[in-house]
Amino acid sequence: MTVIPMSHGLILGGVLFALGLAGLLMRRNLLFILISLEIMLNGAGVAFVAAGSRWGQPDGQIMFLFILAAAAAEVSVGLALLLRFYRLHNTLDADSTSEMRG
Amino acid sequence: MLELLWLVPAIPFASALLLAVLRLSRKAVAWIAVGSIAASSMVSLLVTVSYLLAPPAANSYTQVLGRWFDVGGLHPDIALYLDPLSLIMVVVVAFVSFLIHIYSTEFMIEDEGYARFFAYMNLFVASMLTLLLADNLLLLYLGWEGVGLCSYLLIGFWYRDVENGLAGRKAFIVTRVGDTALLIGLFLLFHELGTLNIQELMQQASQHWPIGSAAATTAALLLLGGAVGKSAQLPLQTWLPDAMAGPTPVSALIHAATMVTAGVYLIARTHILFSLAPQAQFAVAVVGAATLLMAGFSALTQWDLKRVLAYSTISQIGYMFLALGVGAWPAAIFHFMTHAFFKALLFLGAGIVIQSLGEEHNIFRMGGLRKQLPIAFWTFLIAGLSLAGLPLITAGAFSKDWILWGALSAAHGSVTFWAVALVGVLLTSLYTFRMIFLVFFGEAHSQVTKRAGKAMYIPCLILGLLSIVGGYVEGPFARFLDTVLPWNAGNIHAVPITEIASEVIATLVFLLGTYVAYILFLRKPAYTAMLGSSSAGGVLHRFWFSDWGMDWLNDRLFVRPLVWLAQVDKNDFVDAFYAGVAGITEITWSVLRRTETGKLRLYAAGIAAGSIVFIAVVLFL
């Protein structure tokens, strides 16, 4: 069985992170922004797991469990905010709200 | 028992703190406030008794409570100094404060700021007692500023009326002129003699400075400046009539009986310094003589009952300054004591009259109150007679005769000073009986709507008693004070008349003033109207009514040039600097506000770009 080199794992994580960031910046729909955020978190998670397996340590996978927990919490709060947002503005367009501009 | 001395100022101070911090019912406030002053005066009486039973060595007792600070050779102690002079002052102040606090519990009962009022009053008493007991000039100065602060707070007590706040501010600023002179005097004394302890200072001064030396004169004149400001003497007297904006018990306690005599105490306390500077002492006498005449004339023309009393206070303190100036030291302190009794009583009586007529201050709208307010009338009459100097019976006559005799026979006395004081007697009896006739005799112009209760009458009765019996202690008083303030008149220079003759003449002048007041204000008011409507009389009336135009003069001489200078000098470089700082901030704001778009994705992009730049810097630099 060949060992996947760490660089592959890191590149995959980096690509996921970049894709998530691009989605976050480009999509206007708040739901997709939230999904992009999840993708970025998973990118970071992949990097942790790859690094953990490189040094044979469990830390990377433990960190990933933490990330999962944080992501779950974030999604629950985010979705609740999203629902409120939709009730208030009847849309999910992030650009439609700029009441607090200076 | 003497070691209990520190409790005398400490109890009112603790009670002031308590009243300021806790929220209590009116009843509790009254009990704490009056109780603390009662305890303080009980302790002062205990100290007096033990002092009299076993006089300490050198007739003085010093209680060191601790070192205040120690910087560059200046190391004042927090120490109390008790000698016959401070003992008399402390007992009088504590006892009069006690009576006025009792009076206030009823006078202020409907006021929303009940606890605030008593917290200020207790703080005032604590500061005043600190001032009197201070062992060094710095601690005295602390008390001096403390009473000034309380005076300001209490003049502006009803701060919702802007006028009252302005009156408080005026009092604070005008007395500040004198305070600055006093502070410079303190600096000078420390610089020249290296200590601020009063007793050491007096010793050093008489060792190092010959009589009439420039340093002694300058220092004495600077102290006189402080005294003139606090005691409302010429030319800084303008704040006291306006200070009547405060509640009447405040006028009685602070602006008649106690605080305004702090200047008298300061000069008596440092009288050795003034003896070394005959010119400065002469200035004290001249200030006193001029003030007693000017304020006497002004008192004749006022229509506000409290303002009549205010000018009368200025005039009576003028008498004390005259006594100090001619070297009749104990006479000034004796007059302080009798004045504290009868002037506090006059104010308390005025408070009853004003409150029972529904806040009516105008004496021309009063009248005929003799039958309706009998207790107020009799006590007011006793105090008035004491003020005018009814001989042999009232306390005021004893002290005033002593001052008159001193003005003639003491070390720096002269016939001129004696004559001025005699004119003052005439003026005093004129304005006193003008006030009494207009308020209590004649036809009633207003209806009594409210009657004062026991808590207001009993202090009046006690003070009325003291206004009579206070005079009989003249002999023991002089002997008791003799170690501090010696009295050796009559054998210094030739005097044209004897003491008895001086008293008889003063009595005749008093009777003349009373009779003229009776004719002018009760029997034939038409004469007064005639005097007032003649052109010269009208001008004089306006002139005296406005306190000899002092406010006008101050406004032209000091206020307007200062305002003008401030307006002209609005754009100097200091202001330009601050305006520049404000301008730069405004420009930065207008640039940075453009980044606040409210667009969520732009912020996210900003965060991403920022992180990239940050990581790049960490990695590659």
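## A walk from the interface to the helices

You are looking at a predicted model, in which local features need pLDDT of at least 70 and side-chain atom pairs count only at pLDDT 80 or more, while totals for chains, interfaces and linings use all residues. Residues are numbered from 1 along each chain as its sequence is written, chains are lettered from A in the order in which they are written, and side-chain values use heavy atoms, leaving out hydrogens and water.

**Stop 1: the interface.** Select the contact residues: 14 of chain A touch ten of chain B, with contact meaning heavy atoms within 4.5 Å. Now pick A:D95 and B:R601, which form a salt bridge with their closest N and O atoms 2.8 Å apart (a side-chain nitrogen of Lys or Arg within 4 Å of a carboxyl oxygen of Asp or Glu). Color α1 (6-26) and α2 (30-54) of chain A next, since each supplies at least two residues of the side of chain A that touches chain B; helices here are DSSP runs of H or I, at least four residues, and strands are runs of E, at least two, numbered from the N terminus. The largest share of that side, four residues, comes from α1(A).

**Stop 2: inside chain A.** Select A:D93 and A:R28, a salt bridge at 2.7 Å between the closest N and O atoms. A:D93 lies in the segment after α3 (59-89) of chain A and A:R28 in the loop between α1 and α2, so the pair ties together parts 65 residues apart in sequence. A:D93 is buried at 18% relative accessible area, whereas A:R28 is partly exposed at 43% (buried is under 20%, exposed over 50%, partly exposed in between, with a 1.4 Å probe and protein chains only).

**Stop 3: chain B.** Move to B:K170 and B:D242, whose side chains meet in a salt bridge (2.8 Å, N to O). B:K170 lies in helix α6 and B:D242 in helix α9 (residues 239-242), so parts 72 residues apart in sequence are tied together. Show A:R28, A:D93, A:D95 and B:R601 together: salt bridges that share partners join them into one network.

**Last stop: helix α20.** Select residues 454-469 of chain B. The buried residues of α20(B) include B:M456, B:Y457 and B:L463, and their cover includes α3 (84-107) and α15 (329-356) of chain B.

Definitions and conventions. The expected span of a helix is 1.5 Å times one less than its number of residues.
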